[in-house]
Amino acid sequence: MALTGLRKTVNFMNSIVGVSVLTLPYCFKQCGLVLGTLLLIFWSWLTYESSMMVVNTALKTSKKTYCGLAQLSFGKIGKLTSEICILGFMMGVCTAFHVVMGDLAVHLLQGFIGEEVTQNQRVLLIFAIGWLVVLPLSLTLASDSGSSCQPQQ
C-alpha cells in the first residue's frame with residue numbers, strides 16, 4: 001500500500017475509533033469485565049458492519065463522499081442534510097479543540113510565567129491559538145489530510 005493509501009486508511013480508522021477509546025477503562029469499571037467485554041465485541045462488530053456497508057455502497061456506486069451517497073439515496077435534501085450534519089460535527093470538533101487547548105495551554109503558560117493565569121490571559125491564549133495556529137493551517141491547500149476531503153467529480 002502506498003504511503004498515501006496508508007494515510008487515508010489511518011484517517012478512516014481514526015474517524016471510526018475516535019477518542020472514545022480513552023473512555024474504555026471507565027466503561028469497564030462501570031460494566032465489569034464480562035459485560036464490558038461483551039459490549040465491546042458487540043459494538044465493534046456493529047461498527048465494522050456499518051462501515052463496510054458504507055464502503056461497499058461507495059464502491060458499487062462510484063461515489064467518493066458521504067454527500068454523494070446521501071444524494072444518491074435521498075436526493076438533494078439528503079445531500080443538504082448530510083452537509084449540515086458534517087458542518088455541525090466540524091463546528092463541535094472546533095469548539096472542543098479550543099476548550100481543550102484553552103485548558104491545557106493555560107497549564108503550560110503557568111509553567112512559563114510562574115504565576116496564576118487570569119481569565120483575560122486565557123481568552124487571549126485561545127484567541128492566539130485560533131489566529132496563529134488554526135487559521136493558517138485551515139488555509140493551507142496542499143495538506144495531505146485535506147486532499148482526500150476535496151470534492152471529487
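The questions and answers below go through this predicted model, from the chain as a whole to individual residues.

Q: Which pattern does the chain follow when read along the sequence?
A: The chain has 6 helices and 0 strands, and the model that shows them is a predicted one. Read from one end of the sequence to the other, the elements therefore follow one another as α-α-α-α-α-α.

Q: Which element of the chain has the lowest mean pLDDT?
A: Across the chain the pLDDT averages 83, and 85% of the residues score at least 70. Among the elements, helix α3 (residues 33-61) has the highest mean, 92, whereas the lowest mean, 48, belongs to helix α6 (residues 144-147). Over residues 146-153 the pLDDT is below 50, and this stretch has 3 contacts in the model beyond near neighbours in sequence. Where pLDDT is low, the predicted coordinates should not be read in detail, and the element with the lowest mean is α6.

Q: What percentage of the residues of the chain count as buried?
A: The accessible surface of the chain comes to about 12300 Å², and carbon and sulfur atoms account for 71% of that surface. Taking contacts between residues at least 6 apart in sequence, 31% join residues at least 24 apart. Of the 153 residues in the chain, the share that counts as buried is 12%.

Q: Are α3 and α4 roughly parallel or roughly perpendicular?
A: Helix α3 packs with helix α4 (residues 66-113) at an angle of about 75 degrees, and their axes are 11 Å apart. Because angles of 65 to 115 degrees are counted in this class, α3 relative to α4 is roughly perpendicular.

Q: How many charged residues does the contact of α3 with α4 have?
A: On the α3 side the contact is made by Val54, Thr57, Ala58 and Thr61, while Tyr66, Leu69 and Leu72 contribute from α4. Sorted by class, this contact has 5 nonpolar and 2 polar residues, and the number of charged residues is none.

Q: Is Ser62 buried or exposed?
A: Ser62 sits in the loop between α3 and α4. Its phi is near 60 degrees, a positive value in a residue other than glycine. Because its relative accessible area is 55%, and the cut-off for this class is over 50%, Ser62 counts as exposed.

Q: Is Ser82 buried or exposed?
A: Ser82 has its place in helix α4, and it touches Tyr66, Cys67 and Ala70 when residues up to four places away in sequence are not counted. Since its relative accessibility is 13%, and the cut-off for this class is under 20%, Ser82 counts as buried.

Q: Which residues does Leu125 touch, not counting those up to four places away in sequence?
A: Leu125 is found in helix α5. Leu125 and Ala105 are 20 residues apart in sequence, and their C-alpha atoms are 7.6 Å apart in space. With residues up to four places away in sequence left out, the residues that Leu125 touches are Ala105, Val106 and Leu109.

Q: What is the relative accessible area of Leu124?
A: Leu124 lies in helix α5 (residues 119-138). Leu124 and Gly102 are 22 residues apart in sequence and 9.6 Å apart in space, C-alpha to C-alpha. Leu124 is exposed, and its relative accessible area is 58%.

Notes:
Residues are numbered from 1 along each chain as its sequence is written. This is a predicted model: local features need pLDDT of at least 70, side-chain atom pairs count only at pLDDT 80 or more; totals for chains, interfaces and linings use all residues. Side-chain values use heavy atoms; hydrogens and water are left out. Helices (H or I, at least four residues) and strands (E, at least two) are DSSP runs, numbered from the N terminus. Buried means under 20% relative accessible area, exposed over 50%, partly exposed in between (1.4 Å probe, protein chains only). Contact means heavy atoms within 4.5 Å. Accessible areas come from the Shrake-Rupley method with a 1.4 Å probe; for residues, only the protein chains shown count as cover. pLDDT is the predictor's confidence in each residue, from 0 to 100. Axes are lines fitted to C-alpha atoms, for helices over the stretch in contact, and angles run from 0 to 180 degrees between N-to-C directions. Angles under 35 degrees count as roughly parallel, over 145 as roughly antiparallel, 65 to 115 as roughly perpendicular and the rest as oblique. Ala, Val, Leu, Ile, Met, Phe, Trp, Tyr, Cys and Pro count as nonpolar, Asp, Glu, Lys and Arg as charged, and the others, Gly among them, as polar.
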